[in-house]
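Hello,

Here is the structure we spoke about. Please look it over, then read the notes below.

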Amino acid sequence: MDEIKELGAAKQGSIHCLTIVGQIEGHQTLPEDTKSTKYEHILPLIAAIEESPEIQGLLILLNTMGGDVEAGLAIAEMIAGMTKPTVSLVLGGGHSIGVPLAVAAKCSMIAPSAAMTIHPVRLNGVVIGVPQTYNYFARIQERIVRFVTEHSHISREDYLRLMTNTDELANDVGSVIYGEEAVEKGLIDRVGSLSDALSWLHEKIKS
């Protein structure tokens with residue numbers, strides 16, 4: 001398990017910084033030259049942070065490129081189930097499964113230049129078009145939509161509209177929304193920087 005690293009003076013309340021970058025690696029191992037975050041490392045770390053009496057808040061830095069949906073949802077559920085103050089900060093981008101990860105925290109922030117990419121669940125390669133396959137994808141997609149809409153202020157209708165948009169991405173469906181727009185649509189709580197995220201955490205720790 002990764003060593004727990006803390007930020008901030010003890011009198012302010014110790015804060016742990018958790019970085020989730022690249023693709024979320026699940027049950028299948030990604031190539032060595034692929035930047036990834038291994039979910040089996042993150043899950044016990046989150047549990048240890050929740051149980052640690054020395055750590056009073058969690059800062060989650062996100063710059064994701066998608067990855068294993070089941071693994072990403074597992075991490076998001078763990079973060080959402082924490083009792084300690086948690087804040088996510090999207091830097092660069094939150095792609096696909098990065099959206100549930102961002103909204104899982106009690107407060108979500110996005111850098112002004114960062115982007116959120118929203119699109120339907122899909123697999124690389126050939127998918128046999130049988131009813132069972134379509135049903136499987138529909139059920140996974142529903143889990144993601146339900147999680148995002150329950151942990152943010154965006155409506156189901158607006159999220160589905162962004163996800164199925166055909167005018168935004170070339171040869172694909174979905175949407176890319178940036179800083180202020182993500183906040184305006186209710187997907188992210190506020191535009192912010194590192195200092196904003198840390199200030200929010202310290203305020204919650206004091207209260």
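**Contacts of Ser88**

Ser88 touches Ile60, Leu62, Ala102, Ala105, Cys107, Ser108 and Met109, leaving aside neighbours within four places in sequence (contact: heavy atoms within 4.5 Å). This is a predicted model: local features need pLDDT of at least 70, side-chain atom pairs count only at pLDDT 80 or more, and totals for chains, interfaces and linings use all residues. Residues are numbered from 1 along each chain as its sequence is written, and side-chain values use heavy atoms, with hydrogens and water left out.

Ser88 sits in strand 5, residues 86-95 (strands are DSSP E runs of at least two residues, helices H or I runs of at least four, numbered from the N terminus). Ser88 is buried because its relative accessibility is 0% (buried is under 20% relative accessible area, exposed over 50%, partly exposed in between; 1.4 Å probe, protein chains only).

**Cysteines**

Cys107, a contact of Ser88, is buried at 2%. Cys17 is partly exposed at 23%. The whole structure has 0 disulfides (cysteine sulfur pairs within 2.5 Å).

**Cavity**

The search found 1 cavity of 30 Å³ or more (a set of points on a 1 Å grid over the protein atoms alone, where a 1.4 Å probe fits but cannot get out; lining residues have an atom within 4 Å of a point). The largest cavity holds about 70 Å³ (the space filled by probe spheres set on points joined across faces, edges and corners). Its lining includes Ser96, His119, Gln141 and Tyr159. Strand 7 (115-118), helix 4 (131-150) and helix 5 (156-163) each give two or more residues to that lining.

Regards

Key:
1 Å grid on protein atoms, 1.4 Å probe; cavity = no way out; pocket = protein on both sides within 12 Å on 5 of 7 lines; lining within 4 Å.
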